[in-house]
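Colleague: Could you walk me through this one? I am new to it and would like to learn how to read its features.

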Amino acid sequence: MTAVLGPNRYGKAETRVVRVTRDGEVHRLKDCNVGVALSGDMRDVHLTGDNAAVLPTDSQKNTVYAFAKKHGITQIEEFAALLARHFVGSQPAIHHARVSVEEYGWERRGPHSFARSSGEVRTCVVHHDRDGTTTVVSGLEGLVLLNTTGSEFHGFARDEYTTLPPAADRVLATAVTARWRHTAPPDGRTSPDTLGNYDFGESHEEVRRCLIEAFVGTHSLSLQQTLYAMGARVVETRPEVCEIRLSLPNKHHFLVDLSPFGLDNDNEVYYAADRPYGLIEGTVLDDAAPDAGPAWD
């Protein structure tokens with residue numbers, strides 16, 4: 001049996017960078033967590049320990065800080081693309097760069113004062129190849145949604161271990177993780193300059209709005225049905241999105257038995273359980289969506 005080197009990559013994970021833009025007395029804030037992963041001609045470093053092709057991960061970290069100063073951070077997708085193209089373009093041994101960014105929200109409370117917003121996080125992953133192809137996947141995590149009615153669950157399969165009663169009216173709650181793939185122009189089929197003219201901020205807000213509206217407006221017979229309604233609303237409404245992947249934990253709310261206290265509980269008092277929970281995941285895409293390649297990696 002002979003060992004051979006398989007796919008590999010290396011990089012700097014979780015570089016936390018906070019960029020303050022000072023426009024007189026009014027300041028703007030970007031708070032991000034950046035991950036870099038590089039791959040290419042890395043055979044020698046693995047097999048012989050020759051580091052000639054290795055750009056130190058410390059240099060990658062410093063590049064994130066330097067680019068935050070030189071270019072600023074407007075849309076995280078643009079910042080990730082700048083970094084990915086830099087690493088591939090400046091290092092002959094690097095053939096592919098993957099840059100991920102998480103952005104943490106801050107709400108303005110004054111010209112230069114901010115309060116941390118909810119636990120929702122904006123995300124992106126950008127891949128760039130030596131052939132010039134760039135793929136962009138945007139996303140969000142921690143979008144917590146809840147309907148106090150308009151949700152049912154019944155008619156499900158049963159076996160000898162089933163104890164769950166059917167529900168004709170229940171609380172439906174979830175914390176949405178969503179990732180969506182962009183069509184042109186950010187798919188690398190146009191010039192790099194076009195990427196900067198693409199309004200990722202507007203796209204993010206509109207996709208988020210579609211997700212919320214579909215959740216609110218769907219009378220749910222299952223969380224799977226709600227997932228599809230949310231994804232379909234995005235793909236059918238936003239022409240820049242060709243595919244969306246959703247992960248929806250079912251944040252169970254159980255009615256509390258108040259009968260020992262002589263009290264009725266007509267869908268008013270619940271116990272919110274944190275675990276275990278159902279986890280519903282699925283993909284909705286345009287039937288003409290181009291091949292994803294490494295976009296979701």
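Modeller: Happy to! Let us begin with strands: two strands pair if DSSP finds at least two bridges between them. Helices (H or I, at least four residues) and strands (E, at least two) are DSSP runs, numbered from the N terminus. This is a predicted model, where local features need pLDDT of at least 70, side-chain atom pairs count only at pLDDT 80 or more, and totals for chains, interfaces and linings use all residues. Residues are numbered from 1 along each chain as its sequence is written, and side-chain values use heavy atoms, with hydrogens and water left out.

Colleague: In which sense do E4 and E5 pair, and over how many bridges?

Modeller: E4 and strand E5 (residues 134–147) are antiparallel, with eight bridges. Val125 faces Val137 in E5. Four residues separate the two strands of this hairpin, and Gly132 in the turn has a positive phi of about 95°.

Colleague: How many bridges join E3 to E4?

Modeller: There are 13, and these strands also run antiparallel. Ala97, for example, has His128 in E4 as its bridge partner. E3 and E4 make a hairpin too, with two residues between them.

Colleague: How should I read a nonpolar core?

Modeller: Think of a set of buried Ala, Val, Leu, Ile, Met, Phe, Trp, Tyr and Cys residues joined through side-chain atoms within 4.5 Å; buried means under 20% relative accessible area (1.4 Å probe, protein chains only). Here the largest core has 30 residues, and Val34, Phe79, Leu83, Val99 and Val101 touch the most other members. Elements giving two or more residues to this core are E2, helix H2 (57–71), helix H3 (76–90), E3 and E4. H3 gives the largest share, eight residues. Another core, of 24 residues, lies apart from it and includes Val207 and Leu227.

Colleague: And how do I read a pocket?

Modeller: Rolling a probe the size of a water molecule over the atoms shows where empty space is left. On a 1 Å grid over the protein atoms alone, a pocket is an open set of points where a 1.4 Å probe fits, with protein on both sides within 12 Å along at least five of seven lines; lining residues have an atom within 4 Å of a point. A volume is the space filled by probe spheres set on the points, which are joined across faces, edges and corners.

Colleague: What is the volume of the largest pocket?

Modeller: About 640 Å³. Its lining has 23 residues, with Phe153, Leu164, Arg170, His252 and Phe254 closest to the centre. E8 gives the most to that lining, three residues.

Notes. Buried < 20%, exposed > 50% of the residue type's maximum accessible area, 1.4 Å probe, protein only.
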